[in-house]
Amino acid sequence: MTAIAGAFAIVLDPATLLVIVGASLLGMLIGSIPGLTAVMGTALLVPITFFMDPVPAIAAMVAMTATAIFAGDIPGALLRIPGTPASAAYVDEAYALTRRGKPEVGLGLGLVASTAGGLVGSIFLIVCAPLLARIALGFSTAEYFWLALLGLSCAAFIGTGKPLKGLFSLLFGLAVSTVGLDPASGVPRFTFGSIDLMGGINLIPALIGLFAISEIMRGALHGAPAVREGIGTFGRVTAGLWQRAREHGRNIARGSVVGTLVGALPGAGADIAAWIAYAISRRFARRPQDFGKGSLEGLAEAGAANNSSLSGAWVPTLVFGIPGDSITAIVIGVLILKGMEPGPAIFIKQPEMIYGVLISFFLANLLMLPLGLAFIRVARHVVRVPPTILPPLVLMACIVGAFSLNNSLFDVWVMLAFGVIGWLMEENGIPVAPAILGLVLGGMLEFNFTTTLIKSDGDLLAFFMRPVAAGLGVVTLLVWAVTLFRLVRPARGAGVAAGPREA
């Protein structure tokens, strides 16, 4: 109870509350502008957190991402341009309502669903994270190795839907993580005589480059999406809103649960949670004929899932130190910089800090409702920000953020190089998220693998000696086996089909 009281004192400090409000407004702005994603906003927020205490810094990221995910619905509903990837699942439903002259209906219901989903996910995080942390305290290096490998496998094979390209992205991230000094022998690897590379590739400039710089390049080369005039006049957002929310309470509740569970899977993320929830809502819809024409069922269920998944993604992040999605991959870097090493021990060593972060989830989602109602009214003006203004401002913020990390131009070059790499990957349909997770978890994977082998004198069976390790190992191997089977089966079927024609 002392830790919880201390956490409330930290979060309810006027300075912390001001940070949460400011970050929430920033999230609304970023999410509502096409092309600026919640992940990109999180990366841009990193340099600002250098000057904050740990709890306000993490609370700012929590508030910014929660509101940005909802605000991505605004350009989707008005322009059919998803502001964030998570909004793409139900953008046709929201835009169909706008064409029928009811933009406030879709946006209002989406706001309520997002708020409810975020609160459900926050409850799950507060209840489950400490319980899982107690279990994780008994983990050895073998369990952590399998957890890291399972998270990477889910990100590459399940989270992307493109197993081979996901594997390529994952291997790239793992390769980058090996740059620097070998953790066991201290021998330099892939440094090419550069002193700057002795400490490895800095995570934050790489993240900013992969997400922000690549987005700027894509906008410069392909052009910004056209903004349409005459999108209509908004009605009163709250008119009939609460009645519609009650009518679709089942969809909101189901989407919240689905989003939380999917979000807790390493590498899944809000966009996958939203697509799964939308598919479930369509499968069990009371009015399936409305889908594609402005279905409130699909909009409410997917809208709840995308925000609840944000909280769910923090469960593996805080308990095991494994990013649940791209956003928490960035957050892990900030946690480490603030001296809050993710993992089960954090609940014992710094309980006030970690409970402060959990409480901030509630505040951020509660604050999203009044801010969202106000922001919907001015949405038409926000989405018309001239696209020629944004890229220079974002690029300047990226350069300042990368340089301020170590006052080093080398980090700026790293950021720019990874920006080009990220653009090349996405231009060729290669997902970036597995590379990010490989970069974040590569060190953990290698350290626990090497340590386990040293302790067992090279016996590979040590990875299966303990019950939990054996269970995690079997699940991980099954993920690989199922993926290989699905890849081989179409090729075998094509060979069988070609046989009779050749004969």
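In the predicted model, helix α9 spans residues 163-177, and its 15 residues reach 21 Å from the first C-alpha to the last, close to the 21 Å expected at 1.5 Å a residue. The buried residues of α9 are G166, S169, L170, G173, V176 and S177. Viewed down the axis of α9, these buried residues fall within an arc of 125°, so they line one face of the helix. An α-helix has 3.6 residues a turn, so residues three or four places apart point the same way.

Helix α9 also contributes to a pocket. It is among the elements that give two or more residues to the lining of the second largest pocket, together with α10 (203-222), α16 (326-337), α17 (346-349) and α22. This pocket has a volume of about 1,000 Å³ and is lined by 37 residues, of which I336, E341, V440, G443 and M444 lie nearest its centre. Helix α22 supplies the largest share of the lining, 7 residues. By class, the lining comprises 22 nonpolar, 11 polar and 4 charged residues.

A search of the whole structure finds 3 cavities of 30 Å³ or more, and the largest cavity has a volume of about 50 Å³. The largest cavity is lined by V62, T65, A66, N307, L310, S311, W314, F361 and N365. Two or more residues of this lining come from each of α4 (54-71), α14 (296-312) and α18 (351-377). The lining of the largest cavity divides into 5 nonpolar and 4 polar residues, with no charged residue.

The structure holds 8 aromatic pairs. In one of them, the rings of F145 and W146 have their centres 5.1 Å apart and their planes at 65°; planes over 60 degrees apart count as edge-to-face, so this pair is edge-to-face. Both F145 and W146 are buried. The rings of F145 and F463 have their centres 5.0 Å apart and their planes at 50°, so this pair is tilted. F145 lies in helix α8 (residues 141-158), whereas F463 lies in the loop between α22 (433-455) and α23 (467-502), so the pair ties together parts that are 318 residues apart in sequence. F463, like F145, is buried. One aromatic cluster is formed by F145, W146, F449, F463 and F464.

Conventions: Residues are numbered from 1 along each chain as its sequence is written. This is a predicted model: local features need pLDDT of at least 70, side-chain atom pairs count only at pLDDT 80 or more; totals for chains, interfaces and linings use all residues. Side-chain values use heavy atoms; hydrogens and water are left out. Helices (H or I, at least four residues) and strands (E, at least two) are DSSP runs, numbered from the N terminus. The expected span of a helix is 1.5 Å times one less than its number of residues. Buried means under 20% relative accessible area, exposed over 50%, partly exposed in between (1.4 Å probe, protein chains only). The arc is that of the directions from the helix axis to the C-beta atoms. On a 1 Å grid over the protein atoms alone, a cavity is a set of points where a 1.4 Å probe fits but cannot get out, and a pocket is an open set with protein on both sides within 12 Å along at least five of seven lines; lining residues have an atom within 4 Å of a point. Grid points are joined across faces, edges and corners, and a volume is the space filled by probe spheres set on the points. Ala, Val, Leu, Ile, Met, Phe, Trp, Tyr, Cys and Pro count as nonpolar, Asp, Glu, Lys and Arg as charged, and the others, Gly among them, as polar. Rings of Phe, Tyr and Trp (its six-membered ring) pair if their centres lie within 6.5 Å; planes under 30 degrees apart count as stacked, over 60 as edge-to-face and the rest as tilted.
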